[in-house]
Amino acid sequence: MNETAIAPVRQSVEVSIPLVKAFEIFTSEANDWWPLREHSISGERASEVVFELEASGRVYEIDADGTQHDWGKILQWDPPRRLLLSWYPGHAVSEATEVEIRFTETSQGSTLVELEHRDWEKLGSRATPLRESYDKGWVGVLRLYADRAAL
Amino acid sequence: MTYGTVIEALADPTRRKVFESLRQGPRSVGDIAKEVPVSRPAVSQHLKVLRGAGLVTDQAQGTKRIYRADQKGLSDLRAYLDGYWKDSLSSFAEHANKKGKR
């Protein structure tokens, strides 16, 4: 199969608060803004999202029963400019893609937040038996997407 | 919500095999049935679901119907991923800007 690079998902937003504060809100206050109901493993039953604020820290959600569901891990912790995460909500670590979030000062007091979700290619390079064992959920779908996009 | 249909369509391993068999190029139901361990009627049923999700298209060729992979379903999925981060970031911006004004 042709392992063509698959374009990363890129999104950005500018906020009218200083760099340090923007980073802090994104990480330590994620629970105040993350759209948990729409973007979580347990959906309406999700009650909290936690970023452990250190290198190798976990990122996870807590559902109504108090059960923790992993989303990923902090690969690089460079406050207040950059955050690199492995990203595998609801799936094995081996299924992880990468999410990088960069914070840059723009004009006085404003911060540009840029997000890149990448590393889709590796999902397309699985050997058949391994693929068989991971045939559930949207990572399977993404793998297929990656396969298809690599044609 | 089209991505939901795409995800559901591809969540079934057999259906995914049917879809994957089209990666090599357009095929008839009979051709697909040779590569997937299910009967021809079952293959037809799977193709119907895949077509509904925008993952395959079909075309009459003589007496045969030829199926091919369609990018539309995958584009919908891509749009979902883009939207996922867009939503999260706008939610963040809204919250951050509110805090900044205090």
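## Basis of the description

Helices (H or I, at least four residues) and strands (E, at least two) are DSSP runs, numbered from the N terminus. The model is predicted, and local features need pLDDT of at least 70, side-chain atom pairs count only at pLDDT 80 or more, and totals for chains, interfaces and linings use all residues. Residues are numbered from 1 along each chain as its sequence is written, chains are lettered from A and ligands numbered from 1 in the order in which they are written, and side-chain values use heavy atoms, with hydrogens and water left out.

## Fold of chain A

Chain A contains four helices and seven strands, arranged along the sequence as β-α-α-β-β-β-β-β-β-α-α.

## Loop features

In chain A, the loop between strand E4 (68-78) and strand E5 (82-87) holds A:Pro80. The peptide bond leading from A:Pro79 to A:Pro80 is cis, with omega near 0°.

A:Ser56, in the loop between strand E2 (46-51) and strand E3 (58-63) of chain A, has a positive phi, near 70°, although the residue is not glycine.

## Nonpolar cores

A nonpolar core is a set of buried Ala, Val, Leu, Ile, Met, Phe, Trp, Tyr and Cys residues joined through side-chain atoms within 4.5 Å. The largest has 36 residues, and A:Phe26, A:Trp34, A:Leu85, A:Ile101, A:Val113 and B:Phe92 touch the most other members. Helix H5 (residues 71-101) of chain B gives this core its largest share, eight residues. A separate core of 19 residues includes B:Ala9, B:Val18, B:Leu47 and B:Ala69.

Methods
Buried means under 20% relative accessible area, exposed over 50%, partly exposed in between (1.4 Å probe, protein chains only).
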